[in-house]
Amino acid sequence: ANLVAIVGRPNVGKSTLFNRLVERRDAIMDNESGVTRDRHYGQAEWTGKSFTVVDTGGYVVGSEDTFEEAIREQVEIAIEESTVLLFVVDVETGLTDLDREFGKLLRRSKKPIYLVANKADTGEKAMHAYEFYELGMGEPMAIASASGFGTGDLLDEVVSNFPEDEDEEEEAIPRIAVIGRPNVGKSSLTNLLLNKERSIVTDIAGTTRDAVDAKYNAFGKEFILTDTAGLRRKAKAMENVEFYSVMRTIKAIERSDVCIAVLDATRGIESQDLSIINLAIKNKKGIVIMVNKWDLIEKDTNTAREFEKKIQERLGGAAYIPIITTSVLEKQRISKVIDKAIEVYENRKMKVMTSALNEIIGREIERRPPPAHRGHHIKIKYITQLPIHTPVFAFFSNYPRHVKGPYKSFIENKIREHFGFEGVPMGIVFKEK
Ligand code: GDP
């Protein structure tokens with residue numbers, strides 16, 4: 001799991017850098033579902049290597065001149081959990097005491113850290129970057145997040161720390177991550193699957209079990225649960241409970257094939273839930289939504305259906321994700337969730353024969369061809385599924401760049417209609433023929 005954390009005192013431009021790194025990849029889904037853009041983590045890619053970026057500043061809102069305990073703890077968590085750290089300072093303001101405090105903590109880390117001298121829009125300002133040598137963290141890299149100056153060089157450095165794409169372990173056991181906000185019932189589920197109380201589940205948000213990537217055998221199925229909010233540490237500051245849970249969630253998602261996204265039925269689907277689900281989608285993992293604590297809901301015959309509809313609305317285009325209501329407490333439909341997760345795992349591995357694709361989807365395209373672009377007919381000559389671990393379909397065309405989002409959605413829907421892929425995010429790419 002490649003996790004890059006952006007740390008530094010307030011107002012140095014952490015969130016500008018964050019937005020620059022994740023580009024607009026995340027914003028789109030958000031607009032559709034009307035979610036506020038309070039996202040502090042997102043998916044980024046550079047030279048074919050993908051990673052998750054966390055803007056630590058979003059979780060603890062600290063003051064500009066005191067080093068609060070909560071921030072100290074947050075930096076410690078970031079050091080423990082991330083692959084690479086970006087320590088951002090501001091060349092306009094210059095070196096401050098608070099920068100020194102951050103530096104003191106970060107210097108102890110054995111993880112790769114880049115000292116990023118931000119707001120260096122001009123050569124003259126970039127000269128001021130040298131002032132930060134004093135922090136003893138090596139050469140400052142001058143960048144300007146707002147314009148993107150220097151971020152390419154920075155990213156080259158960052159991704160050089162990531163391991164080469166390991167071949168997908170050919171282990172045939174599904175890797176499942178149980179993800180969700182604190183207190184939705186993740187550890188209760190894990191404990192139930194484990195069939196013994198391996199740890200204490202309490203009402204306090206953020207407390208959970210201590211199991212890492214354990215192999216399970218439940219309901220006659222074999223699978224591995226990748227660790228989510230394991231009790232390696234318990235965040236002391238309230239503000240860090242969510243931050244820590246997010247860091248661990250990101251890692252669990254990256255190491256999994258399928259994510260069981262747990263919601264609390266009594267709270268519905270909130271923006272935090274959507275952010276977590278979107279992250280799994282961006283990572284192209286299989287997804288099953290588990291609406292837990294269903295025992296607490298007063299229901300009639302339509303309640304589940306209505307709930308499902310509401311969730312699908314909030315998810316925007318992701319109607320392919322299965323939704324199952326459960327009660328861990330009353331052991332209701334837990335085996336259904338596991339069955340579905342394993343089914344989704346199989347769906348994700350499915351390969352459609354090229355001949356079938358061209359014949360069946362080709363016919364759909366004939367029936368409704370892409371809209372012409374400035375009088376040019378857009379033709380699709382050939383369709384094939386790429387030989388990678390997650391379904392991506394390549395369409396070879398004379399004007400690949402002029403095929404727009406709505407048409408891609410149309411094609412995706414048709415592929416799903418004919419071939420399934422329930423619970424699996426899908427890629428549709430257009431290429432020059
Ligand atoms: P986590 O933070 O997501 O791991 O959540 P926990 O597993 O610690 O659960 C939080 C609280 O919700 C605990 O008090 C559980 O007993 C309770 N809980 C979990 N699942 C259910 C359920 O299906 N029904 C009800 N009523 N309570 C549940």
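## Overall make-up

The secondary structure of this protein comes to 13 helices and 15 strands. Helices (H or I, at least four residues) and strands (E, at least two) are DSSP runs, numbered from the N terminus. The model is predicted: local features need pLDDT of at least 70, side-chain atom pairs count only at pLDDT 80 or more, and totals for chains, interfaces and linings use all residues. Residues are numbered from 1 along each chain as its sequence is written.

Of the 433 residues, 43% count as buried. A residue is buried if 20 or more other C-beta atoms lie within 10 Å of its own, exposed if 12 or fewer, and partly exposed in between, with C-beta atoms placed from the backbone. Take the contacts between residues at least 6 apart in sequence: 72% of them join residues at least 24 apart. Two residues are in contact if their C-beta atoms, placed from the backbone, lie within 7 Å.

The chain is divided into domain 1 (3–159), domain 2 (175–349) and domain 3 (354–432). These bounds come from an automatic or database domain assignment.

Domain 2 puts 12 residues in contact with 10 residues of domain 3. On the domain 2 side, strand S11 (286–292) and helix H11 (334–349) each supply at least two residues. That side divides into seven nonpolar, three polar and two charged residues. Here Ala, Val, Leu, Ile, Met, Phe, Trp, Tyr, Cys and Pro count as nonpolar, Asp, Glu, Lys and Arg as charged, and the others, Gly among them, as polar.

## The six-stranded sheet

Six strands form an open sheet with mixed pairing, in the order S8-S9-S7-S10-S11-S12. Two strands pair if DSSP finds at least two bridges between them. Strand S8 (214–218) and strand S12 (323–325) are the edges, each pairing on one side only. From one strand to the next, the twist averages 30°. Axes are lines fitted to C-alpha atoms, for helices over the stretch in contact, and angles run from 0 to 180 degrees between N-to-C directions.

S8 and strand S9 (residues 221–226) run antiparallel, joined by five bridges. Within this pair, Asn-217 stands opposite Glu-222 in S9. S7 pairs with S9 in the parallel sense over three bridges. S7 also pairs with S10 in the parallel sense, over four bridges. Ala-177 stands opposite Thr-226 in S9 and opposite Cys-259 in S10. S7 is mostly covered, with four of its five residues buried.

H11 lies across S7, S8, S9, S10, S11 and S12. The direction of H11 is at about 165° to S11. H11 also supplies residues to the side of domain 2 that touches domain 3.

## Helix H9

Helix H9 (residues 271–282) has 12 residues. From its first C-alpha to its last, H9 reaches 16 Å, close to the 16 Å expected at 1.5 Å a residue. The expected span is 1.5 Å times one less than the number of residues.

H9 is mostly covered: 10 of its 12 residues are buried. Among them are Leu-274, Ile-276, Ile-277, Leu-279 and Ile-281, together with Asp-273 and Lys-282. Just after H9, Lys-284 takes a positive phi of about 55°.

## Positive phi in two loops

Thr-47 is a residue other than glycine, yet its phi is positive, near 45°. Thr-47 is found in the loop between strand S2 (41–46) and strand S3 (49–55). Is this residue buried or exposed? Thr-47 is exposed, because 9 other C-beta atoms lie within 10 Å.

Lys-119 is not a glycine either, and has a positive phi of about 70°. Lys-119 is found in the loop between strand S5 (113–118) and helix H5 (123–127). Lys-119 counts as buried because it has 24 C-beta neighbours inside 10 Å.

Ile-360 lies in helix H12 (residues 354–367). Ile-360 is partly exposed, because 17 other C-beta atoms lie within 10 Å. Pro-400 is 40 residues from Ile-360 along the chain, and the C-alpha atoms of the two are separated by 20 Å.
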